[in-house]
Amino acid sequence: MAPTKQISANNSTYSSQTQSSAGKSNSHINKQKTSIRGLVAELLSCVNPDKPLVSLAVGDASVYPCFHQGQDAIKILSDSNSSGEFISYAPSFGLPRVRRAVAEYLSWGVRHGIKEEDVYLMVGGTQAIQVCTTVLATGRGANLLIPRPGFPLYEAKCCLSGVEPRFYDLLPEKNWELDPAQLRALADHNTVGLVLISPNNPCGVAYSSSHLLQIAETARDLNIPIIADEVYGHMVFGGGKFVPMASFAHIAPVITIGSLSKRWMVPGWRIGWLAFVDPYGSLKQVCFLIFFLWSLIHYTIRHN
Ligand SMILES: Cc1ncc(COP(=O)(O)O)c(C=O)c1O
């Protein structure tokens, strides 16, 4: 814990220095640890040179040659690049054929098929998380239910968007399942969603159909969407089975987050997506905001 304390102390020193200078900046970014890589970089900057580090952060399989993708993927990418076909502005939400491919992939075994227009391409799962928390920030007091232990980016992005992160526990004695009664106790009329990570980082569990059904019923009763982080989709241990949360979208609306980073082991390509699985159209307003936000981001990128 010592290095973390050191870092918080450094952060607050940094924060007070920047806030007292003439140019003011977003104090949330100074106060919060907004990325794991940022935190690791800080840790690495204060290592003891006499003590070698053992890295437990195996978040990027692609650094190991045994996990390198075959030449096929690389060739497809370089052929696309040299074809000259993709040098112009792409539509803000991604090329239709790419959105269609993601929609088809996500629709396997899912009752309510996902359509091309339900898919929004993002810069990795990371940006999908950022976009979700930004559009769900409905104003003062909005809160989001997120798992503990969890993936720290959710807490960081909540803080940046002004959303209160409310932590629900994953229970080790129940194979890291959650307790729906705790969700009900934590939620109130300002709760804007429930984040579920399955297969889970860091606990490794892929939730069963029956548990996902319980969660969907709880979200339905609370009248909130489920943000299903399935960045590790289809990666399960032993005889485990991956069931997409979208299978239960007829009970509660689902926003699925995914990316090529883990299963396809190309995290450097930064390709991710958000998909709305919302058969009854309850998330129309959220979709509209994503449309608006995303168009704005693209406009800014193109015109600066
Ligand atoms: C649970 C979870 N969600 C999202 C992400 C971010 O995905 P990406 O690397 O595609 O931005 C990660 C990355 O480690 C993750 O573990």
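In strand 4, Glu 177 is the bridge partner of Leu 171. The model is predicted: local features need pLDDT of at least 70, side-chain atom pairs count only at pLDDT 80 or more, and totals for chains, interfaces and linings use all residues. Residues are numbered from 1 along each chain as its sequence is written.

Q: How is strand 2 joined to strand 3, parallel or antiparallel?
A: The two strands run parallel and are joined by 6 bridges. Asn 143 has Glu 164 in strand 3 as its bridge partner.

Q: Why is the unit of strand 2, helix 7 and strand 3 called right-handed?
A: A crossover is right-handed if, with the strands pointing away from the viewer, the path from the first strand over the helix to the second runs clockwise. Strand 2, helix 7 and strand 3 make a β-α-β unit of this hand.

Q: Which residues of helix 7 (residues 153–161) are called buried?
A: They are Tyr 154, Glu 155, Ala 156, Lys 157 and Cys 158. A residue is buried if 20 or more other C-beta atoms, placed from the backbone, lie within 10 Å of its own. Helix 7 is followed by Gly 162, whose phi is positive, near 75°.

Technical notes: A residue is buried if 20 or more other C-beta atoms lie within 10 Å of its own, exposed if 12 or fewer, and partly exposed in between; C-beta atoms are placed from the backbone. Helices (H or I, at least four residues) and strands (E, at least two) are DSSP runs, numbered from the N terminus. Two strands pair if DSSP finds at least two bridges between them.
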